[in-house]
Amino acid sequence: MNEELKLHIKKLQRRSTLSLIAILSAIISIGFGILFLFVPSFVAIIFFAIATICIVYLIHSSHTAKKEAKENIYRPVIFNADKSLTFEKIVSIFENLTNEENQLSASENVRFFRLKKSFKLRTVIYRTDNFNKKDFDNAKDRINKKANKELNISQWVNRMEAGNMMRFNIICTDVLNDALYQFLSQNANRNLTRVEGIINIAIVGNQIMIPPLYGECDLAEISRYKGVIKFINQALLNNN
C-alpha cells in the first residue's frame with residue numbers, strides 16, 4: 001500500500017471514528033439534558049451545549065465528505081505487480097488456495113472459487129477481450145447460480161457471520177477500455193455497505209485495479225476495504 005493510499009484510509013478512519021463518537025455523545029448528552037431539564041441548575045444547559053457541538057460537527061463532517069466526493073475526480077486504485085498476471089495465473093493462485101470441492105467452471109473464461117482467507121470469500125474470475133458490463137453481469141449471475149446449487153450454498157446467513165463475508169469479482173483482460181475504467185471508478189462504498197460485501201477487481205497486464213473509497217464511510221466498510229488490500233498484497237502480489 002503506497003503512502004498516499006495509507007493517508008487517505010487513515011483520514012477516512014479518523015472521520016468515521018470522530019463521527020461515531022459525536023453521535024454517541026449527542027445521544028447521551030440529550031438524554032442527560034432532558035433528565036436534568038426540570039432540576040434548578042445549569043447542568044441541563046451544559047449537556048444541551050455538548051449535544052449542539054456534536055451535531056454541528058456531524059453536519060460539518062457530512063458536508064466535507066460530500067464536497068470532497070463532488071470536487072475530486074476519483075480514479076481506480078492501482079497495484080503494480082513485478083510481471084504480467086494472466087487469467088491462467090490468477091486461476092492457478094486460487095486453485096492452490098482451495099480444494100476441488102470448492103471450485104467450479106462455467107466455461108473456459110469463467111471460474112468460481114470458495115475459500116476462507118482474510119474473509120469467508122466467494123470469487124468469480126472472468127476473462128474478456130473487451131469488457132462489457134452486461135456480458136459480465138450475465139456470466140457472473142450464471143456461475144453464481146450454478147455455485148449456489150452445486151455447492152449447496154445457503155442464501156441465508158446471520159448478520160454476524162455476514163460481516164466477515166465478501167465476494168470478489170475479478171476481471172482479467174488485456175485492455176482497459178472506457179467501460180471498465182468507468183466501472184472501476186465507482187465508489188467502493190456502494191458495495192461494501194451490503195450485508196455481504198462486494199469488491200470488483202480488474203487485472204490488466206501487471207496492474208491490479210480496485211475502485212476507490214471516499215465520502216462518508218463507516219468503520220466496517222473501511223475495515224473490509226483494508227482487508228481487500230491485504231488479500232491483494234498477500235495472495236496476488238506475493239504469488240506473482
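For the pocket search I work on a 1 Å grid over the protein atoms alone: a cavity is a set of points where a 1.4 Å probe fits but cannot get out, while a pocket is an open set with protein on both sides within 12 Å along at least five of seven lines. Lining residues have an atom within 4 Å of a point. Grid points are joined across faces, edges and corners, and a volume is the space filled by probe spheres set on the points.

**Ground rules.** I note that this is a predicted model, in which local features need pLDDT of at least 70 and side-chain atom pairs count only at pLDDT 80 or more, while totals for chains, interfaces and linings use all residues. Residues are numbered from 1 along each chain as its sequence is written, and side-chain values use heavy atoms, with hydrogens and water left out.

**Entry 1, second largest pocket.** I looked up the second largest pocket and found a volume of about 380 Å³. Its lining has 14 residues, and the closest to the pocket centre are Glu4, Leu5, His8, Arg75 and Val77. Helix 1 gives the most, with four residues. I sorted the lining by class and got 10 nonpolar, two polar and two charged residues. In this scheme Ala, Val, Leu, Ile, Met, Phe, Trp, Tyr, Cys and Pro are nonpolar, Asp, Glu, Lys and Arg are charged, and the others, Gly among them, are polar.

I count eight helices and seven strands in the protein. The C-alpha atoms fill a box of roughly 75 × 40 × 30 Å along the principal axes. Of the 240 residues, 44% count as buried; buried means under 20% relative accessible area, exposed means over 50%, and partly exposed lies in between (1.4 Å probe, protein chains only). I also took the contacts (heavy atoms within 4.5 Å). Among those between residues at least 6 apart in sequence, 72% join residues at least 24 apart.

How many aromatic pairs does the structure hold? I find nine, where rings of Phe, Tyr and Trp (its six-membered ring) pair if their centres lie within 6.5 Å, and planes under 30 degrees apart count as stacked, over 60 as edge-to-face and the rest as tilted. One of the pairs is Phe131 with Phe136, which is tilted at 5.7 Å centre to centre and 50° between the planes. Phe131 counts as buried because its relative accessibility is 3%, and Phe136 is likewise buried, at 1%. I also noted a cluster in which ring pairs link Phe94, Phe113, Phe168 and Phe231.

I searched the whole structure for disulfides and found zero, taking as the test a pair of cysteine sulfur atoms within 2.5 Å. Cys172 is buried, with a relative accessible area of 4%. Cys217 also counts as buried, at 11%.

I looked at Ile143, which is found in helix 4 (residues 133–150). Is Ile143 buried or exposed? Its relative accessible area is 0%, so Ile143 is buried. Leaving out residues up to four places away in sequence, Ile143 touches Leu104, Ser105, Ala106, Val110, Arg111, Phe112 and Val124. Its C-alpha atom is separated by 17 Å from that of Glu196, 53 residues apart along the chain. Asp141 lies in helix 4 as well, but I find Asp141 partly exposed, with a relative accessible area of 37%. The C-alpha atoms of Asp141 and Val124 are separated by 9.8 Å, and the two are 17 residues apart along the chain.

I placed Lys89 in helix 3 (residues 87–97). At 29% relative accessibility, Lys89 counts as partly exposed. Lys89 and Leu236 are 147 residues apart in sequence, yet 9.5 Å apart in space, C-alpha to C-alpha. I placed Asn109 in the loop between strand 2 (103–107) and strand 3 (110–116). Asn109 is partly exposed, with a relative accessible area of 26%. Not counting residues up to four places away in sequence, Asn109 touches Phe87, Ile125, Tyr126 and Arg127.

How values were computed: Helix = DSSP H or I, 4+ residues; strand = E, 2+ residues; numbered from the N terminus.
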